[in-house]
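Here's a quick tour of a two-part assembly, starting with one chain and ending where the chains meet. Have the structure open as you read.

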Amino acid sequence: MLAYTFKRLLFAIPILFGITLITFGVMHLAPGRPTDALTDMNVKVTAQARQRLIKLYGLDQPWPIQYGRWLKRLSALDFGRSFRDDRPVVSKIAERLPATLLLNGCSLLLILILSIPLGVYSALKRNSVIDKGLSVFVFVGYSVPTFWLALLLMIGVGIKLGWLPISGLHSLDSDEMPRLSQWLDMGRHLVLPVFVMAFTSLAGMSRYVRNEMLEVIHQDYIRAARARGLGESRVIFKHALGNALIPVVTVLGLSLPDMIGGSFIFETIFAYPGMGRLGYEAVMARDYPVIMGVGVIAAALTLLGNLLADLTYAWVDPRVRVR
Amino acid sequence: MRSRSAIGRFLAASALYAGLMQLVNWPAIICHASAYPLPLAAPPSASCPSIGDTYVDTSIGDASFLNPVLATDSASGDINNLVFNGLLKYDKDLNLVGSLAESWQVKKRGLRIIFKLRRDVRWHDGEPFTAKDVEFTYRKLTDPSVRTPYGADFSLIEKVETPDPLTVVVIYKEPFAPALESWTMGILPEHIFKTGDFNSHPANRHPIGTGPYKFFEWKTDEKIVLKENPDYFEGRPCLDRYIYRIIPDQAVQFLELRQQGIDSMTLTPDQYKAYPEFFEHYRKFRYPAFMYSYLGFNLKKNIFKDRRVRLAIAQAIDKEEIIKGVLLGFGKAATGPFPPGSWAFDATVKDLPYDPAAARKLLSDAGWTPGPDGWLQKEGQPLEFTLMTNQGNKLRELSSQIIQNHLARIGIRVKLKVLEWSSFIHDYIDKKDFDAVILGWSLGRDPDQYTIWHSHQTGEGQYNFISYANPEVDRLLEAGRRTYDRKAREKIYKKIHRLLAEDLPYIFLYYPEALPVIHHRFQGPEVAAAGIGWNFREWYVPQSLQRYRLAF
């Protein structure tokens, strides 16, 4: 097992290298340079001043040389500094990551809590009116544009009813509150985004659980369990559900990059200070070091997520073992 | 272990992911109870009828550098204006008046400017402000390793001398009247930046200035908080706190406005016309912004070399329809390169009336006659061109469609092309590979527009990309830079205004209006030539109307 893990990690290095090379290349193919947004068509900035900035940022070099420099710095675990505010990329990411993990973690939890019962129920009452109704429900969630739903809920729950804050993660005066109220305040801010995120991505997980469950309940061992005279709930929840959920672990592992990647549309609508906005704004501003930093971390976590999924899968399912 | 059920293992696996989350630095987003004590109801000071309360402003984007030498974005500018001071500033009528400088003299026809500094100014950390700080700021602006885009205005300086701590003598290589405006640049504290790298200095996120507000905290992409500077040299500001909330979506900003989560916002024309219930707690303002939109001709193209063609196009475009359709009426037809609020604006320059018949006649005089397909042509050459603008600016895209429609009426075929900004600028504008463009200029308060109109400014990346050349305009632009006397300059720029309106290198389309709303509990906002925030320090909220009294 250890040797296998080690081998997988070793293989990850060339893959990661390839990902960074392609990211860097694509980034430089996109029109525009980091200095453009600041200096183009700004009467206060002359052409010479612009050239000087381009040189100071090392953007006058061909991109393979820039890539070499970036790689050299990375080998010392230095992700460089953002062009936008000259802060280390690592601290910019570290600042956003917790907020994104909090939001995505809460939504993932809610998705699991809702989709497992929904999936199981649909599987047991397959093709019933309720099953079909649930299908329609989750697919409505899947198809509805998130920003539209978000705005609608902001108007309804936020403005008309006045129950919840509209945007952000903290109230303006949260610094003055006692610790407990601060947590409550954050919770209130999280309700809308977590709900919207969970509702719009319920479909995937609940359909997945339903299919797995359908497959499992027709297995021989379930028939055997019934034949032993076990009660229906014991058959379903102990014998069938446990096995049906094994593949869910894989899906969870694969969702690790989504967990940290954040969603730009989401975070923009809810004025939420997370990774999605960091990445998107870096792309728009052509902030190369930040794009690369976010890219490398996302790539590394994707690889790690895959590995983790495989390992935990082997752990929860004794049938899957590495030889 | 063996006996554990599959569900148990599943839950354990989930816990593993949860554990992963815990590894990451939590406290970064969790607020700590802050240490500053709640202010007691302080007695009103001399210039404030009452003090207290918080002003919550909002912005689409976060700030980058809280350092006026490095910042280029408007969010950083908003904060820097409250934390730093220049030697000079603009008053409500756009006159330059002293700020950190008590007085100044222009000598030797502009080759020497002597600033006398105020003696009662202290940095927010208590250190005295001196002439050394001014010299330091100048050195940084011209230091080749500093990432500032503002060096140009200061490169004409030969040297800066500080004969005593309260005197700054700036010696110029040549007279340069806009130099006075360049001294509105925020002055930085030398004692803070003495050590460490300037570009990445921690003070760029925790600024120490001399301004009416002190920096308090910055939560990236959430908010920036400033608090009042009780020792401000012009008197303490009446509002205790200034909070800058980052809300990246304009629709959500608007909902926050309805909820009174923000006290101020700049509206789009359609938001300005929304239901009255959105504004029951707000006062609406409107005034001409310091910018204009234009249709610029590439004067290197043969068809546009003929002034009659440019004039005909100008007469065939109904600006009022553009203003009604695109700005919902919140704008004014433009007549030249200076906005109505500027002292360089010549109100006697009349706009060309919309007159398609005259346009058609002008074109037929110039030899352009309708061909068999109805479109105008001369010697088999059709009168057609491509009108380009950048993606992401709805106003410009709509304007180009209206213009296409208007010109089709007199037989000119216009193709439209909307391009991504960077490629538009670098592959087309810089290479002069375009027929006509729709763009806009955001202007400084000084009317010097040498870089836009002078015939020497046509190189790649320079701003006279339409290749305009008029020796008289060149001469006037140069004279405007050498002349310090305001009355004399006014004459020069009004002349330029008239010449450009006659030459029509651009068709000046419209001056849009700024449309801010401000919560009605604030007393003091007043529109002037300088816009609306010029007296922000004096805005106040009567005790009974204060909203944030308890918490802050």
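Predicted model: local features only at pLDDT ≥ 70, side-chain atom pairs only at ≥ 80, totals over all residues.

## Chain A overall

Two residues are in contact here if their C-beta atoms, placed from the backbone, lie within 7 Å.

As for secondary structure, chain A has 16 helices and 0 strands. Its C-alpha trace spans about 85 × 60 × 40 Å along the principal axes, and 40% of its 323 residues count as buried.

## Helix H9 of chain A

Helix H9 of chain A runs over residues 202–217, 16 residues in total. From first C-alpha to last it reaches 22 Å, close to the 22 Å expected at 1.5 Å a residue.

Which residues of H9(A) are buried? They are Leu202(A), Ala203(A), Met205(A), Ser206(A), Val209(A), Arg210(A), Glu212(A), Met213(A), Val216(A) and Ile217(A). An α-helix has 3.6 residues a turn, so residues three or four places apart point the same way. The partners of those buried H9(A) residues are helices H5 (89–124), H6 (129–143), H8 (179–200), H10 (220–227), H11 (232–244) and H12 (246–254) of chain A.

## Where chain B meets chain A

The contact draws 61 residues from chain A and 60 residues from chain B. On the chain B side, the elements giving two or more residues are helix H1 (6–23), strand E10 (241–246), helix H6 (250–258), helix H13 (421–429) and helix H14 (450–453). H1(B) supplies the largest share, 8 residues.

By type, the chain B side splits into 32 nonpolar, 20 polar and 8 charged residues.

Technical notes:
Residues numbered from 1 in each chain as written. Chains lettered and ligands numbered in written order. Helix = DSSP H or I, 4+ residues; strand = E, 2+ residues; numbered from the N terminus. Buried ≥ 20, exposed ≤ 12 C-beta atoms within 10 Å, placed from the backbone. Expected span 1.5 Å × (residues − 1). Nonpolar A, V, L, I, M, F, W, Y, C, P; charged D, E, K, R; others polar.
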